[in-house]
Amino acid sequence: MRDYKLVVLGAGGVGKSCLTVQFVQGIYLDSYDPTIEDSYRKTIEIDNKVFDLEILDTAGIAQFTAMRELYIKSGMGFLLVYSVTDQQSLDELIALREQVLRIKDTDRVPMVLVGNKADLTDDRVISVEDGIAVSSKWGKVPFYETSALLRSNVDEVFIDLVRQIIRNEMENVARSEMRNPSLANLKNNNSSRSVSQPVDPKNSANFRKHARMGSLQVQTGSSRSNTPSKLQNSSTTNKTQKRNETSRSSPAAAVKSKSSNSAVKGKSPTKSKPKKKKSSPCTIL
Ligand SMILES: Nc1nc2c(ncn2[C@@H]2O[C@H](COP(=O)(O)OP(=O)(O)OP(=O)(O)O)[C@@H](O)[C@H]2O)c(=O)[nH]1
Ligand SMILES: [Mg+2]
């Protein structure tokens, strides 16, 4: 089984590490210690198929971003994270996305736009509508608001990304078969081949060891999501950086109680009910 290589990108302090660690280990990091580069592994079951994920949590602050080009090359899907409390973090994502598209040399890159820290309602400067606008500009890239603190929409953003990668691969296979029908014959004669095998060699090489599109999906993350009942913590983590024990504390703890239990779809955040995804079962192993 091969790894699905996901890369978490965004400005410093937006919550990339918190989202990743919540997804992989089910814990919330209250302190802030800027990341250089951390790699995590997690096994996940989607639609009765098991996927090994390798998640690269990247540096947000400028002096640690030298490796960016390398990991964008090898990443198969990208979480583009901003903080709803920080306008600049959304502005920075625009350049980041362009860098991803340039390096990948295609505009069909699996990607999710993530507005984190949705629990910080008093500090919010970016509205749901602002996020929707960026998502639309980007060709309806799936957009979620999340809260790593409340574990809201955390699994959802990663699962969406994996689904996009799977879909992308199937489309690539179909496209290359259309261009070269003999490939389809070969496939028909070889029943052991899986459609989820890599078709883009760029995606399978050089991932550093340590180191959608359909309807617009908008889910705000100011409520604690239900952790999948089959969630088991079977992840392994490869830290490339020691966390600073005296790191400064986050404002997160102070706002824990400010969360509301709302989840919205589309443009009516206060009225809508939580969006029911039509997806088939996912199990985090
Ligand atoms: N209230 C709240 N605070 C959060 C949330 N996610 C992260 N934080 C806090 O924001 C600070 C930065 O979080 P990190 O996950 O370390 O940020 P990062 O994007 O990994 O930062 P770099 O590694 O420097 O790029 C920490 O103090 C977290 O506790 C969230 O969803 N809600
Ligand atoms: Mg980090």
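Reply: The buried residues of α1 are K16, S17, C18, L19, T20, V21, Q22, F23 and V24. Buried means under 20% relative accessible area, exposed over 50%, and partly exposed in between, with a 1.4 Å probe and protein chains only. Helices are DSSP runs of H or I with at least four residues, strands are runs of E with at least two, and both are numbered from the N terminus.

Me: What should I know about the model and its numbering?

Reply: The model is predicted, so local features need pLDDT of at least 70 and side-chain atom pairs count only at pLDDT 80 or more, while totals for chains, interfaces and linings use all residues. Residues are numbered from 1 along each chain as its sequence is written, chains are lettered from A and ligands numbered from 1 in the order in which they are written, and side-chain values use heavy atoms, leaving out hydrogens and water.

Me: How many residues of α1 are buried?

Reply: 9 of its 10, so α1 is mostly covered. Just after α1, G26 has a positive phi of about 70 degrees.

Me: At what angle do α1 and α5 cross?

Reply: Roughly 85 degrees, with the axes of α1 (residues 16-25) and α5 (residues 154-179) coming within 9 Å. That makes α1 roughly perpendicular to α5. The axes are lines fitted to C-alpha atoms, for helices over the stretch in contact, and angles run from 0 to 180 degrees between N-to-C directions. Under 35 degrees counts as roughly parallel, over 145 as roughly antiparallel, 65 to 115 as roughly perpendicular and the rest as oblique.

Me: Which residues meet there?

Reply: From α1, L19, T20, Q22 and F23; from α5, V154, D155 and F158. Contact means heavy atoms within 4.5 Å.

Me: Are S17 and T35 buried or exposed?

Reply: Both are buried.

Me: Switching to rings, how many aromatic pairs are there?

Reply: The structure holds 2. In one, the ring centres of Y4 and F51 are 5.1 Å apart with planes at 85 degrees, so the pair is edge-to-face. Y4 is in strand β1 (residues 3-10) and F51 in strand β3 (residues 49-58), so parts 47 residues apart in sequence are tied together. Rings of Phe, Tyr and Trp (its six-membered ring) pair if their centres lie within 6.5 Å; planes under 30 degrees apart count as stacked, over 60 as edge-to-face and the rest as tilted.

Me: And the rings of F23 and F158, how far apart are their centres?

Reply: 4.2 Å, with planes at 5 degrees, so that pair is stacked. F23 lies in α1 and F158 in α5, so the pair ties together parts 135 residues apart in sequence. F23 and F158 are buried.

Me: Where is R151, and what is its phi?

Reply: R151 is in the loop between β6 (143-145) and α5, and has a positive phi of about 55 degrees although it is not a glycine. R151 is buried, with a relative accessible area of 7%.
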